[in-house]
Amino acid sequence: MKIASLLTALIAIAIVACTNSDNYIFDERDHQEVRVDAFITQTFDETSVRIKNDTVAPNDSLIFLSSIYPSKAIRSQDIFWTLDGTPFATEYSFKASVKTPGLHKVAFVLVDFFGDTISDTITLYAAIPPTLNLKKIIPANSTQEIPPNEDINFSWYTTEQDRYWDTYYHFVLKEAFPTSQKDNGIILDTILSSSTFSYNKGLAPLTKYTWSVSAYNELDMKSSQSIEGEFYTAGLSNESGILATVIPPSKQIPQSIQVTIISNSGDTLYRAKEFHADSAGRFYIKPITPGKITFIVSASDTPDLQPIIREISLKENQVYSLDSLQFADITPPTISSIDNKDTLLLQDTLNFILKDGGGNVVLSTSSAKLDGNIILDYNISRDTLKVIMPISSTWTYRILSIEVYDQSGNKSTRYFYLYSDKTYREDP
């Protein structure tokens, strides 16, 4: 037994002696350093500026880049990105946005061959644009009787803004319908650092004014919506005004309108035979004696438009707004031949007169038919319809129908009998 034990020990010593145990000892010279870097940039171009900290808007598109030293070809177990500790992406480089406002940490993580974790972090601040309360404003929309010769105070509220960046306000005060378009009615256009403002320069009486506010922060991030307010100044003494907007039945605004205002007692308070509205059909009448009145508007140059009649009550020192006075056109256009006859000699070209007192006849919705078949070759020039007739060898009469529409959609249809010899014609 002792001899066997001795032989076993000798064999073990011989095996160890033949083995190069130095290969299993850690040598620092064999260690390869691995480093990672994370950046954000504007483009994938190698020459683009790469940074590790930035302030962005929540929906800005950002490019995230990673660098691995000595190269991306090293043996690794995994690579990934995290946003505030949660998985964000699994590519080396990618495009994305950080939608949630606030401070964020974006990390690129590499797990090397030995399971060690190596990472680098980007710091982002997603700023939020200011948000305005569109309803909580002073003066409230459509406020009447604002004293024209006293200070007027404006106030509004910002429901959301970034605490890291100052907010500024672009404030504009305008006369709604100025008599002169030189400055587009702008009375004041300024930048404010406060959400209140007092105007003390005086305003015109019985006038509609508009004011607007848009907000932006130091990063030039603007509010998605702007405040749009309006108010009316008071009259000076026992007087009222009327602001009217006339809507035509088509795109054509009448060149001139006639306005008559009659009091409840029958007295004519106001009359203008040639009253010009602006390009949007709006006009002012002021001052007017308060009380119950009949308001009449007619278009003197477009006889097909029916007069507008309203009975209203004017309150002292207020402006009555008639925002949508709709002219009605229920009269269709007229169609007639040059000699005003229904029976015509068939010719290569036939001309017809079109008349409409509410606008123009619309070519695209008009048509001409010969015996029920559409004629394609026709055109309208001013008040004349020219129809190019197809070649015909018949000697019997034929029926030409013409159908036209005006800009208000009123339709008119007229039939004409065509003959090619003198055996059938209308009595003179």
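**Exercise 1. Determine the strand order and the edge strands of the open sheet of four strands.**

Solution. The order in this open sheet is E27-E29-E33-E32, and its pairing is antiparallel. The edge strands, each of which pairs on one side only, are E27 (334-337) and E32 (378-381). From one strand to the next, the twist averages 25°. Strands here are DSSP runs (E, at least two residues), numbered from the N terminus, and two strands pair if DSSP finds at least two bridges between them.

The model is predicted: local features need pLDDT of at least 70, side-chain atom pairs count only at pLDDT 80 or more, and totals for chains, interfaces and linings use all residues. Residues are numbered from 1 along each chain as its sequence is written, and side-chain values use heavy atoms, with hydrogens and water left out.

**Exercise 2. State how many bridges join E27 to E29, and name the bridge partner of Ser337.**

Solution. Strand E29 covers residues 349-355, runs antiparallel to E27 and is joined to E27 by four bridges. The partner of Ser337 in E29 is Phe352.

**Exercise 3. Describe the open sheet of three strands.**

Solution. The order is E21-E18-E25, with mixed pairing. E21 (282-288) and E25 (319-326) are the edge strands. Strand E18 (residues 240-247) pairs with E25 in the parallel sense over six bridges. Opposite Ile247 stands Gln326 in E25.

**Exercise 4. Classify the exposure of Lys136 and list its contacts.**

Solution. Lys136 lies in the loop between strands E9 (131-132) and E10 (143-146). Because its relative accessibility is 45%, Lys136 counts as partly exposed (buried is under 20%, exposed over 50%, partly exposed in between; 1.4 Å probe, protein chains only). Not counting residues up to four places away in sequence, Lys136 touches Ser155, Trp156 and Tyr157 (contact means heavy atoms within 4.5 Å).

Note on methods
Axes are lines fitted to C-alpha atoms, for helices over the stretch in contact, and angles run from 0 to 180 degrees between N-to-C directions.
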